Amino acid sequence: MKILLLEDDAILSDLIFTSLQEHGFETILAEDGNEALSCAENEKFDLFIFDINVPLLSGIELLKMLREYHITTPVIMITAYQDTEHLKKAFGIGCDDYIKKPFDLEELHQRIKNLSKRFSLDEENIYSLDEQSKFYSHKHLILKNGMEYEISKKESQILLYLVSRKGKTISFDELVQNIWNWDEVPSETTIRVYIKNIRKIIGHEKIRTIRGLGYAYE
């Protein structure tokens, strides 16, 4: 799992960063909101951990911008505020979990574990597509009726994004923002080809086209 950590307190950021690394998470540390924004725009992350009260761009302002960019990466907000106003504001713009200072590092890891289950962040997860088909996201492999079908990395990322958001309409822009880097934006035709290739294996009916809006995994 790849995590972007935004924390400007040198001592706390070092403690969290070291702990995340020891638990096997690839972690990038940002010390202010602008640096975190640049990282989030140019790299793909599985989880964000943002402190609210940081320089240049607050954690809440940063999250609001990322959600407006259709970046739906789960986020845990860290704060020293004890009121509910900041909590309501954070959840209102798309925060997924919230932890107040001071906190035990084990509590943070439990929250990461819970979000990992909730959003299927574990790369080793195996997804059951139906009674005859399983999707191994880490291996970019679909097993159907005893036969193995290898798919490309991008096809695997698209299928994983759709499967983990079953029933939700996913737009072209959302797929691009969450799968491609800023300098490799694909055309809608390219995405349609990827979807077509996936459908050939799992069945056309599994990924529904919502005309004018995007796709939905059923």
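Modeller: The open sheet has five strands in the order S2-S1-S3-S4-S5, and their pairing is parallel. Strands are DSSP runs of E with at least two residues, helices are runs of H or I with at least four, and both are numbered from the N terminus. Two strands pair if DSSP finds at least two bridges between them. At the edges lie S2 (26-30) and S5 (97-100), and each of these pairs on one side only. From one strand to the next, the twist averages 15°.

A word on the source. This is a predicted model, where local features need pLDDT of at least 70, side-chain atom pairs count only at pLDDT 80 or more, and totals for chains, interfaces and linings use all residues. Residues are numbered from 1 along each chain as its sequence is written, and side-chain values use heavy atoms, with hydrogens and water left out.

Now look at one pair. S1 (residues 2-6) runs parallel to S3 (residues 47-51), and four bridges join them. Here Leu-6 stands opposite Phe-50 in S3.

Next come the helices. H2 (residues 33-42) packs on the sheet and touches S1, S2 and S3. Touching means contact, with heavy atoms within 4.5 Å. The direction of H2 makes about 160° with that of S1. Axes are lines fitted to C-alpha atoms, for helices over the stretch in contact, and angles run from 0 to 180 degrees between N-to-C directions. H4 (residues 85-92) also packs on the sheet, touching S4 (75-79) and S5. The direction of H4 makes about 155° with that of S5.
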